[in-house]
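I opened the model to work through its chains, one entry per topic. The notes follow in the order in which I looked things up.

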Amino acid sequence: MDPQFDEFLHVPARLSVVAVLAPADWVDFGFVRDAIGTSDSALSKQVSALAGAGYVEVHKGQDKRARRTYVRLTPAGRLAFQRHAAALERIVALSRMPAPDGPPPPE
Amino acid sequence: MNPQDAQASLNQIRAFQDKTRKEMIRKIFPWSFVIISALALFAMFTSIDLDQPWKSIANGLGLAVFIGVGLLYSLGVSVQPKPTLPMIGVMIGVTPFLFVFFIIGRIVGFALFGLPAHGFLSQAMVGGALAAVVYIAIMPVARRIITWIALQANGPTVR
């Protein structure tokens with residue numbers, strides 16, 4: 001297994017959250033929920049797990065009329081995601097390379 | 001982890017990243033923000049030729065509306081782009097550009113209409129109107145530049 005492959009991050013629900021957050025800074029909790037098609041409670045559980053691992057941070061808005069929660073990747077989370085995505089790309093790339101003891105390419 | 005699963009994960013990552021990028025681009029400088037901030041700019045520029053206390057009132061009001069609408073816009077979006085130096089550079093770079101058109105407008109106001117350098121119907125009003133129109137006119141270009149910067153800067157691009 002690639003050393004940069006992150007088992008914790010590869011859980012589909014967590015990887016979805018991190019992928020939604022990656023291109024942006026702060027992202028509204030509701031947008032993340034709708035983008036990955038999950039429930040508030042399920043997303044909250046994944047965000048808590050990611051926050052516990054230091055991969056995301058959470059900010060709750062002060063406006064009481066429309067209290068919004070924002071989530072963003074921490075630098076550690078961003079780095080972990082970049083490494084994990086690179087590991088996935090390497091796994092795919094390696095599978096496309098011809099095996100060293102395989103038949104020679106046709107001339 | 002087999003290559004098929006890895007490819008499926010990469011495809012999923014790309015699809016989710018695209019959703020975020022689309023939302024981010026959709027909300028860059030909406031027209032409501034552009035029109036209100038252009039009016040605020042007009043008030044600030046026009047206030048230069050007003051007498052006190054209207055000068056301070058119009059300037060303060062224009063500045064408050066300009067900052068307020070900017071804050072409301074940035075707090076109201078679901079997806080906030082990561083601010084980068086080129087992005088800030090574009091926003092700051094617009095200011096002297098508008099000021100040049102304000103000066104041109106003043107000259108036009110004096111040369112063509114013989115307007116005075118004081119009062120409401122003055123050179124500053126023509127300059128402010130020209131700067132506000134130019135501000136609205138360059139927004140599609142600014143939006144394209146900011147979109148390009150946001151797409152270049154944000155997140156790893158998964159192939």
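Chain B, elements. I counted five helices and zero strands in chain B. Read along the sequence, the pattern is α-α-α-α-α. Helices (H or I, at least four residues) and strands (E, at least two) are DSSP runs, numbered from the N terminus.

Source and numbering. This is a predicted model, in which local features need pLDDT of at least 70, side-chain atom pairs count only at pLDDT 80 or more, and totals for chains, interfaces and linings use all residues. Residues are numbered from 1 along each chain as its sequence is written, and chains are lettered from A and ligands numbered from 1 in the order in which they are written.

Chain B, dimensions. I looked up the radius of gyration of chain B and found 21 Å, whereas a compact globule of 159 residues would have a value near 15 Å. The radius is taken over C-alpha atoms, and the globule rule is 2.2 Å times the number of residues to the power 0.38. The C-alpha trace of chain B spans about 75 × 25 × 20 Å along its principal axes.

Chain B, peptide bonds. I noted a cis peptide bond between Gln52(B) and Pro53(B), with omega at about 5 degrees. Pro53(B) sits in the loop between helix 2 and helix 3 (54-76) of chain B. Most peptide bonds are trans.

Confidence. pLDDT is the predictor's confidence in each residue, from 0 to 100. For chain B I read a mean of 84, with 96% of its residues at 70 or more. Within chain B, helix 4 (residues 85-113) is lowest at a mean of 84, and helix 2 (residues 31-46) is highest at 89. Chain A has a mean of 86, with 86% of its residues at 70 or more. The model scores ipTM 0.84 and pTM 0.73.

Contact between the chains. I found 25 residues from chain B and 24 residues from chain A in the contact. Two residues are in contact if their C-beta atoms, placed from the backbone, lie within 7 Å. On the side of chain B that touches chain A there are 11 nonpolar, nine polar and five charged residues. Ala, Val, Leu, Ile, Met, Phe, Trp, Tyr, Cys and Pro count as nonpolar, Asp, Glu, Lys and Arg as charged, and the others, Gly among them, as polar.

Chain A, sheet. I traced three strands of chain A in an open sheet, in the order 1-3-2, with antiparallel pairing. Strand 1 (27-28) and strand 2 (56-60) of chain A stand at the edges with a single partner strand each, so one side of each has no neighbour in the sheet. Two strands pair if DSSP finds at least two bridges between them. Strand 2 of chain A is joined to strand 3 (residues 69-73) of chain A by five bridges. I looked up the partners in strand 3 of chain A: His59(A) bridges to Tyr70(A), and Lys60(A) bridges to Thr69(A). Strand 1 of chain A pairs with strand 3 of chain A over two bridges, and Val27(A) has Val71(A) as its bridge partner.

Chain A, helix packing. Helix 1 (residues 12-21) and helix 3 (residues 40-52) of chain A pack at about 80 degrees, with their axes 10 Å apart. That makes the two helices roughly perpendicular. Axes are lines fitted to C-alpha atoms, for helices over the stretch in contact, and angles run from 0 to 180 degrees between N-to-C directions; angles under 35 degrees count as roughly parallel, over 145 as roughly antiparallel, 65 to 115 as roughly perpendicular and the rest as oblique.
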